[in-house]
Amino acid sequence: LIAESDLNDPRMVTPRVAGGMGLTAQWSDDFHHALHATLTGEGQGYYADFAAAGLGGVAKVLTGAFFHDGMWSSFRRRHHGRPVDTASLPGWKFLGYLQDHDQIGNRAVGDRISATLSPGLLAVGATLVLTSPFTPMLFMGEEWGATTPWQFFTSHPEPELGRATAEGRIGEFAEHGWDAEVVPDPQDPGTFTRSKLDWSELDREPHGQLLSVHRALLALRRAHPDLVDADLSGMAVSWDDADRWMVVHRGSLRVVVNLAEEPREIDLDVAATDVLFATGELPTLEGETVTMPAESAAVLATV
């Protein structure tokens, strides 16, 4: 039983014998928000705190599941959440994702992140999700960077309910600074039709390459236990906001990410011996230094 909750309350997944509600797992919207704000640069609405935190926000969520863990939430205008006891709650109890039906459907035009990001950054996002300590969740078509939108659609038989739903969404979008005129009518059958996947995209690039990235990452998870280690207390992350890079420690492996539009030379804490995975062009290894191509990610074996 998985909770779709944004309360950031670890009691949801704490066993009942320990005073919790005993659910199997719960979604981690904070992981999504931190990744989305970092990859897209968006900082409106509930993305504001995550955009301000930069890569440090991604690091906090990777090591503690929640960003708002009792701290001030500017969007909610109050303190929100509670910290996760990483010594007792494993990462698999939290679902990590870059996209889901809510986060896309609740945008003004239902645009996927693939409408904004380059193929390189889409692959970087996939790498961070599929090498995280969380249970990964993929949205339909995400694995190949589907370009079709996922727009909010309804089929209310009562016209007044349809109008009320549409007007309510327009008011909601105003808070995010989105133009109400571009919001599709949920009752229009075309809104539903536009949201259907175009399966022919699988035969075209860059979709085929992104699908290969997802397949390679899933195979890597099966082959290397470090990548499914759910011990949050053993997680470590280093980063540089100015140069836009991040290194995630996954046991003996290092997940290295370069979000910049230029190559970056990154210092590691240990010498890297092999490139187990790369989103594109292979990085260059030299002792405890790795040179990453622009907008790329890699998984490295270390000494």
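The largest nonpolar core of this predicted model has 51 residues, of which L62, F94 and V248 touch the most other members. A nonpolar core is here a set of buried Ala, Val, Leu, Ile, Met, Phe, Trp, Tyr and Cys residues joined through side-chain atoms within 4.5 Å. Buried denotes under 20% relative accessible area, exposed over 50%, and partly exposed in between, with a 1.4 Å probe and protein chains only. At least two residues of this core come from each of α1 (29-40), α3 (55-64), α5 (119-130), α8 (207-223), β8 (245-250), β9 (253-258) and β14 (296-302). The greatest contribution is that of α5, with eight residues. Helices (H or I, at least four residues) and strands (E, at least two) are DSSP runs, numbered from the N terminus.

Residues are numbered from 1 along each chain as its sequence is written. Local features need pLDDT of at least 70 and side-chain atom pairs count only at pLDDT 80 or more, while totals for chains, interfaces and linings use all residues; side-chain values use heavy atoms, with hydrogens and water left out.

When neighbours within four places in sequence are set aside, F94 is in contact (heavy atoms within 4.5 Å) with V13, Q26, S28, A65, F66, V84, F134, T135 and L232. There is also a second, separate core of eleven residues, among them V247, V256, A272 and M292.

Strands are said to pair if DSSP finds at least two bridges between them. β9 runs antiparallel to β8, to which six bridges join it; within this pairing, M246 has V257 as its bridge partner. The two strands form a hairpin with two residues between them, and G251 in the turn has a positive phi of about 65°. β9 also pairs with β14 in the antiparallel sense, over six bridges, where V256 is partnered by A298.

A further element is an open sheet of three strands, ordered β10-β13-β12 with antiparallel pairing. β10 (264-267) and β12 (284-286) each have a single partner strand and stand at the edges, so one side of each is left without a neighbour in the sheet. On average, neighbouring strands of this sheet are turned by 20° against each other, direction ignored; the axes are lines fitted to C-alpha atoms, and angles run from 0 to 180 degrees between N-to-C directions. Four bridges join β10 to β13 (residues 289-292), with D267 opposite T289 in β13.
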